[in-house]
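Here are some notes for your next look at the side-chain geometry. I have grouped them by topic, with cut-offs given where each term comes up.

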Amino acid sequence: MNPRAPVASQAPCSLRVVLLSLGLALGGCATTPPMSTLAPEPSPEVCADAAGCREALRDSPRDTLSECEVRRRVELAGRACALDVAAGCTELGRWEIRGLVKEQGPDLPAASELFHRACTLGDGEGCALKALMTLRGQGVARDAVAARAGLQDACERFPGSACGLAVDGLAEEALREGGEPEWEWMALFAQRGCDAGDGPSCRILGEAFYSGRGVAQDADKAAGFFARACEAGDGEACARQGMLLRAEGPWAEPRAGQLLSRGCELGSPEACRLTVLEMLDAQGRQKNTTDRRALFRHACDRGAALGCLALYDELRDEPLAPRPVFELPGLLKRACLLGAGQACEFLDEVTQAAGPRCASGSASACGVLGVLFLSPPLRQGESTEGERLLHVACEGGDVASCRGLSELSGASGDLTCRSR
C-alpha cells in the first residue's frame with residue numbers, strides 16, 4: 001500500500017467517475033486558495049454577547065480548509081471584536097493579513113489597528129503581533145527600536161502568551177534579512193515565557209538547548225523543556241520529545257508512541273504524520289480497521305496530508321454504495337491543499353480528461369465535475385456550479401449524479417461545510 005500515490009487505473013469504474021475532475025475543481029491545487037472571501041457584517045446570531053463569543057472562539061477551530069467555515073470563523077471574530085473581546089480582534093487581524101476579510105485582499109493597516117486594539121484590551125498575542133508588524137514595516141512605518149521595545153513590553157506583561165510569539169517573530173525576521181538571530185536575547189525571552197507556563201516558549205527553549213543556540217548545548221535540559229512544553233499543550237514539543245526518546249532504542253518505543261499520539265491530539269501535523277507512518281509500518285499488527293481509520297481521519301483533520309492519503313487508500317477499493325459520494329474526492333483535495341504534490345498531479349490529470357468530455361455533452365463527465373466541485377474543502381463558487389452540473393448530469397441519466405444530489409441535503413457537518 002502506498003498512500004502517497006493513488007493510481008487511477010486501479011480504482012473501480014464507479015470511483016473513477018467520482019474522481020475524474022478533481023483537478024478542475026482545484027485549478028492548480030498546489031497553490032493557496034484565492035483570497036476572495038468576504039467577511040459578512042457581524043451578526044448577533046454568531047454569538048449573543050461577549051461571553052458567548054469568547055466561548056465560541058475557544059471551541060471552534062481557527063484553521064480550516066473549507067471556505068464557508070472560514071467565512072463563519074471570520075464573522076465570529078468580527079462579532080467578538082465588535083463586543084470588545086480582545087481575542088476576537090487579534091484573530092480578525094490575522095485574517096486581514098491572509099486577505100480573507102475583504103474582497104480586495106490583505107489589508108495590513110487594518111490588521112495593525114486590530115492588533116493595537118486587541119493589545120489595548122489586554123491580549124498579549126495582539127501586543128506581540130502589533131510589535132512584529134512594526135518591526136517588519138507591515139501596515140505601519142518600520143521602526144525597529146519601537147518594535148523591540150514593544151516585544152519586550154509584551155513579553156514582560158503577558159509572558160504566558162507573548163514571549164514565544166516574540167521569539168519566533170524575531171528569529172524569522174533576522175533570517176529573512178540574512179542576519180544571525182540574537183539567540184542569547186531570545187533565549188531570555190523564551191525562559192520568561194516558559195516560567196509563565198507558555199508551551200511554545202518552553203519548546204523554543206528546548207530547541208535552543210538542543211542546538212546550543214544562545215545557551216550551552218545540553219540534550220538533557222532540551223528534553224526537559226520539551227517535556228514541559230508538551231505538558232503545557234504544545235503538540236510540536238510532544239513530537240520532538242517523542243523523536244528524542246525513539247532515538248534511545250526499542251525500550252523507549254511505547255513512551256515515544258504515546259508522546260506522538262498526544263502531539264497529534266494537540267494538533268501537531270508532524271506528530272500526526274509520524275503516528276500515521278508508525279501505523280502503516282505496523283500493518284497487520286494493528287488492533288482493527290476501525291482504529292486505524294479513525295487515526296488516519298484524525299491526522300487528516302489535524303493537517304497531516306499523509307493521514308488524508310492513508311485514509312483514501314483504505315477506502316478506495318471498497319464498494320461505493322456504503323460511502324458518501326463526496327468523501328474520496330474530498331480526501332484527495334485536502335491532501336493536495338496540505339502539500340501532497342502527487343495528489344495534486346493526479347487531480348490535475350483527472351481534470352484534463354474530464355473537462356472536454358463534459359463540454360462535449362457527456363452526462364457522466366459533467367456529473368463527475370459536479371461531485372468534485374462539491375467535495376470538501378469547498379472554494380468560492382464551487383457549491384453553486386457543482387449543484388448545477390449534478391442536475392444536468394442527473395437529468396442526462398447519470399445515476400451517480402442523482403445519488404450525489406440526494407446526499408446534498410443530508411450532508412453531515414464533519415464532511416463538508418456548504419453555503420445555502
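1. Let me begin with one of the disulfides (pairs of cysteine sulfur atoms within 2.5 Å): C264 is joined to C272, with an S to S distance of 2.1 Å. The torsion about the S-S bond is 95°, and the link of C264 and C272 is right-handed. Both C264 and C272 are buried, where buried means under 20% relative accessible area, exposed means over 50%, and partly exposed lies in between (1.4 Å probe, protein chains only).

2. A word on the source: this is a predicted model, in which local features need pLDDT of at least 70 and side-chain atom pairs count only at pLDDT 80 or more, while totals for chains, interfaces and linings use all residues. Residues are numbered from 1 along each chain as its sequence is written, and side-chain values use heavy atoms, with hydrogens and water left out.

3. The structure holds 11 disulfides in total. Among them is the link between C194 and C202, with S to S at 2.0 Å; this link is right-handed, with 95° about the S-S bond, and both C194 and C202 are buried. C230 and C238 also form a disulfide, with their sulfur atoms 2.0 Å apart. The disulfide of C230 and C238 is right-handed because the torsion about its S-S bond is about 95°. C230 is buried at a relative accessible area of 3%, and C238 counts as buried at 0%.

4. Where does D123 sit? D123 is found in the loop between α6 (108-120) and α7 (124-136); helices (H or I, at least four residues) and strands (E, at least two) are DSSP runs, numbered from the N terminus. With a relative accessible area of 15%, D123 is buried. The side chains of D123 and T90 are joined by a polar contact of 2.6 Å. Such a contact is a pair of N or O atoms within 3.5 Å; within protein, one must be able to donate a hydrogen and the other to accept it, and residues adjacent in sequence count only if both atoms are side-chain atoms. Not counting residues up to four places away in sequence, D123 touches A86, A87, T90 and A118, with contact meaning heavy atoms within 4.5 Å.

5. Next, the nonpolar cores, meaning sets of buried Ala, Val, Leu, Ile, Met, Phe, Trp, Tyr and Cys residues joined through side-chain atoms within 4.5 Å. The largest has 36 residues, of which L151, V167, L170, M186, F189 and L205 touch the most other members. At least two residues of this core come from each of α6, α7, α8 (144-157), α9 (159-176), α10 (183-195), α11 (199-211) and α12 (219-231), and α7 gives the most, with 7 residues. A second, separate core of 33 residues includes L274, L295, C344 and V350.

6. How many aromatic pairs are there? The count comes to 2, where rings of Phe, Tyr and Trp (its six-membered ring) pair if their centres lie within 6.5 Å, with planes under 30 degrees apart stacked, over 60 edge-to-face and the rest tilted. F209 and F225 form a stacked pair, 5.5 Å centre to centre with 10° between the planes. F209 lies in helix α11 and F225 in helix α12, so the pair ties together parts that are 16 residues apart in sequence.
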